[in-house]
Amino acid sequence: MITRRELLAGMGASVALGAGCGDGPDAPPDAAADAGFDDDVPADADAGAFTEAVDFLHGVASGDPLADRVILWTRVTPRGGARGQVAVRWELSASLDFAAILAQGELVTSAARDFTVKVDAAGLPAGATLYYRFAVGAVRSPVGRTRTTPTGAVERVRLAVVSCASLAHGYFHVYREIAERLDLDAVVHLGDYIYEYPSGFYGDVRPYDPPTEIVSLTDYRRRHGWYKRDPDLRAMHQQHPMIAVWDDHEFANNAWEGGAEAHMPRTEGEWRDRKAAAMRAYFEWMPLREQPDGRIWRRFAFGDLVDLVMLDTRIWARPQPLPGNSPMLDDPHRNLLGDAQEQWFFQAVTTSSARWKVVGQQVRMAHLQPKFNADTWEGFPASRSRFFDVLARMRADDVVVLTGDIHTCWAMDLTPDPFDRDAYDPRTGRGSLGVELIVSGVTSPGHPPEVEAEIPGLIRQNPHMRYGNASQRGYILLDCDAQRAQGEWFLLPHGSVEQRERRRAAFNAGWLTRRGDNHLTQAGNPSLPREGAAPPAPWEPA
Ligand SMILES: [Fe+2]
């Protein structure tokens, strides 16, 4: 029998990230009666005491898988008030019965990190489906299922790609469907995992907690907690590791490094403070590996087949967007990524020996006429040109850019000037340097169904655009093998997310790029599921 003190003293192969970080919570908000959780009592009340009376109301999650480690996450809700400390045990096994424990440990959480728990479980086998669970006293969390990345020669990688989940617009059927696809390596979330708006402001199908726009640390924490009460979102986290980056709505609409279109300093205080609060809550509540200075750009290797490079085009260094007619637009010093991230990015892409260089990032990179959008790579033409230059000069082949943010589906060739027929031939793909696959929202709305009639005209105007759907919600399944990387758009019927009743997404289109092609070709059929996927963790009751 090991005592708690001994457990806390030596935690074996894991790194505990859960112990106190920062200096206690904001002033508590009003009694959170409508939320039904987050009962707020100041953290320093009874700070030294341990409590074992908790619930696991926010499920479990995992993320940032590497070949030998993965982040495990949960959150405990102390019964009778957010006070004291909670010692949380965790264990991980290759089998659902937890007969043999591969890694385990214990750590302490408290109000200082909103009772969230994060562990970097290390020393794990590569390319393995693993199960994990947490416990406080006799209270156990649901079991989670996760997967480390494979090493060496890899035949196939399958990723679900999502973005933009405005909870106010409806139900997360997309997340439920992804949860049930048991053959995925990971879920890639391109941001707008939460929205910051007040109830009824942007969507009115479901209410928010808090009901107001979120501004303070307490607000951001409560909004993250509200999202993780959603059973479909919890189910997706329960069954798959997530690789997430934030976009603007984890902060405020059309955010950039030094502000946001929707941030009002006069009434909402300094941007710096709001940004820090949003960032802190994100790191507490999301299963990603924390880096020291708020950077979230990072990479993941799936053996010799896929290098996944995740970028922060939003918060790290983005300068203030400019109107399309600004003479400053072409200033080479305006860098969407910032110098440090840009150098790292170019190096990651050009030195990768993996077959596919997959880039997960927030905003549209390809050109799109006739509408200039300052919030995309179009608003930072020097950054985009430098990237295209690097691809052309270094002959970096097989780059697939994944994009969210705009709540619509597109497949586009990436080429410096798609409107110059000498430089780019849409019939053969000559002149294309890579491809971009854009995913619609999980729930966030695109355009009304009538707009689909305009897509063929838009494609005539934009020869590098091969596919578009501007009205349906859904996700991309990215299936990679040695011969091709194939994006498959699975989309819900119109009117689905407003209904609680489960709806399924249907295969809408598939577009692939073949090894060495660097341009898109239509795929006839969706890829086949991978055989032999490990069983799901026991589903939580919805
Ligand atoms: Fe969005």
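**Chat about a predicted two-domain chain**

Author: Happy to start: the protein chain has nine helices and 27 strands, counted as DSSP runs (H or I of at least four residues for helices, E of at least two for strands) and numbered from the N terminus. This is a predicted model, where local features need pLDDT of at least 70, side-chain atom pairs count only at pLDDT 80 or more, and totals for chains, interfaces and linings use all residues. Residues are numbered from 1 along each chain as its sequence is written.

Reader: Thanks! How much of the protein chain is buried?

Author: Of its 542 residues, 51% count as buried, meaning 20 or more other C-beta atoms, placed from the backbone, lie within 10 Å of the residue's own.

Reader: Let's zoom in. Where does Phe115 sit?

Author: Phe115 lies in the loop between β7 (101-110) and β8 (116-122).

Reader: Buried or exposed?

Author: Phe115 counts as buried, because it has 26 C-beta neighbours inside 10 Å.

Reader: And which residues does Phe115 touch?

Author: Leaving aside residues up to four places away in sequence, its partners include Arg75, Val76, Pro78 and Val86; contact here means C-beta atoms, placed from the backbone, within 7 Å.

Reader: New topic: what does the domain assignment give?

Author: Domain 1 (1-148) and domain 2 (244-523), with bounds from an automatic or database domain assignment. Their contact takes 13 residues from domain 1 and nine residues from domain 2.

Reader: Nice. Which strand supplies the largest share on the domain 1 side?

Author: That is β3, with three residues. β3 (60-63), β4 (69-75) and β8 each supply at least two residues of that side.

Definitions and conventions
A residue is buried if 20 or more other C-beta atoms lie within 10 Å of its own, exposed if 12 or fewer, and partly exposed in between; C-beta atoms are placed from the backbone. Two residues are in contact if their C-beta atoms, placed from the backbone, lie within 7 Å.
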